Amino acid sequence: MNAYFIKDTDFTQFLGKMIEAHKVVGPKAKKTRFVFDQIKKPEDLRLDYDVTILPPKKLFFPPRQELVRFHGQKASSCIHPEGTILFGVHFYDIKAIDMTDQLFRETNPDWNYLANRECSTIIGSNIQNVYKRAFFSSVGKGVEPKGHDGFITKISGGYVYDAITAKGKNLLKFGAFTDATEAQLTEASKANKEVLDKCPEKLNNESLEISEKVRNQFKSPMWKEFSEKCFSCGSCNLVCPTCYCFDVQDNWNVDQQTGVRERTWDGCLLEDFSTCSLTGGHKENFRETRASRYRHRIMRKTSYLTAKLGGPACVGCGRCAGACTADIADPVPVINRLMEV
Ligand code: SF4
Ligand code: SF4
């Protein structure tokens, strides 16, 4: 038996004991929105959140990360992984973390990411409130969320907890869990199914069909039209749970002996993202126009990574749609229109 139940009245004590023993990061209110942040008191955890401003990937892949400190010819790694419990992740973000795991693990494994990721415990939670721009139920339907250690679902009177791995089972010791009954499991499964009908936005076609057709629209004049109001601000990239591009820079101290190599999030919608140095002090930007950058992002989300990831590189969280000042980043109207051609 891997499914357990904990009463509402025991849940606060469970969280309190877990927080006492481990660093716990979860959804917290920040003014009118939500963020993933360290939970220091049980009442800070807001499992009723709709979506967070930034995705939980920031825990393993921070916006700015020191990689190596150097002193003359000597260098030391900045990897200091800290075992953390990431609690209350919606299923679309679990899918995104799994994609990022695959991308950082392939060919030359990136231990600056993997060291943090591997010592973490990820506990999912059901979606109690749906974000106004979400479309998670119509994208990548064949891609199952995986890689998490447990999953908690709110039902009447308490929570059903599915302890998936040994790390997930290890949390049982903090609370007064009992075996879940058939009726409780049915209620949890119903809650997780019913939320899929509540997405305000919807793709009209299946992901594989989209992947093929959108790729064939590379030369479409519509890219210019879609991107006309783009400010090239990169917000759509920066809030995305599946974007993983970064820039690396060596920052030297004034002594010209010591310094630090850092990486920072980058985004393909930023004007200079594709600028390369050439010989003789020249440079070349191979995606110079807004239309080419805009097209690249949609191609990455729908087509380019599909074979590698087994599905689209978009999980339908809707963060990009909400973050775009010009309101043109939402993949749904763009894809639906391209599919009509
Ligand atoms: S958020 Fe909107 S305006 Fe900014 S780069 Fe993305 S599409 Fe362009
Ligand atoms: S492209 Fe937009 S909707 Fe899709 S995963 Fe990224 S932020 Fe979410």
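Student: In what order do the strands of the open sheet of eight strands run?
Tutor: This is a predicted model, in which local features need pLDDT of at least 70 and side-chain atom pairs count only at pLDDT 80 or more, while totals for chains, interfaces and linings use all residues. Residues are numbered from 1 along each chain as its sequence is written, and chains are lettered from A and ligands numbered from 1 in the order in which they are written. Helices (H or I, at least four residues) and strands (E, at least two) are DSSP runs numbered from the N terminus, and two strands pair if DSSP finds at least two bridges between them. On that basis the pairing in this open sheet is mixed, and the order is 3-2-6-7-8-9-1-10.

Student: Which residue in strand 7 stands opposite F87?
Tutor: Strand 6 (residues 84–89) and strand 7 (residues 121–125) run parallel and are joined by four bridges. The residue of strand 7 that stands opposite F87 is I123.

Student: How compact is the protein, judged by its radius of gyration?
Tutor: The secondary structure comes to twelve helices and 14 strands. The radius of gyration, taken over C-alpha atoms, is compared with the globule rule, 2.2 Å times the number of residues to the power 0.38. For 341 residues the rule gives 20 Å, and the protein comes close to this, so it is as compact as a globular protein of that length, with a radius of gyration of 22 Å.

Student: How far apart do the C-alpha centres of domain 1 and domain 2 lie?
Tutor: The bounds come from an automatic or database domain assignment, which divides the protein into domain 1 (3–70 + 80–198) and domain 2 (207–340). The distance between their C-alpha centres is 27 Å.

Student: Which element gives the most to the side of domain 1 that touches domain 2?
Tutor: Two residues are in contact if their C-beta atoms, placed from the backbone, lie within 7 Å, and the contact takes 32 residues from domain 1 and 28 residues from domain 2. On the side of domain 1, the elements that give two or more residues are strand 4 (64–71) and helix 2. The most, eight residues, comes from helix 2.

Student: Is T107 buried or exposed?
Tutor: T107 lies in the loop between helix 2 (91–105) and helix 3 (111–118), and its phi is near 45°, a positive value in a residue other than glycine. A residue is buried if 20 or more other C-beta atoms, placed from the backbone, lie within 10 Å of its own, exposed if 12 or fewer, and partly exposed in between. Because T107 has 6 other C-beta atoms within 10 Å, it counts as exposed.

Student: Which residues are the closest to ligand 1?
Tutor: A residue is near a molecule if its C-beta atom, placed from the backbone, lies within 6 Å of it, and 14 residues surround ligand 1. The closest are C230, C233, C236, L269 and C324.

Student: Which residues are the closest to ligand 2?
Tutor: Ligand 2 is surrounded by 13 residues. The closest of them are C240, C314, C317, R319 and C320.
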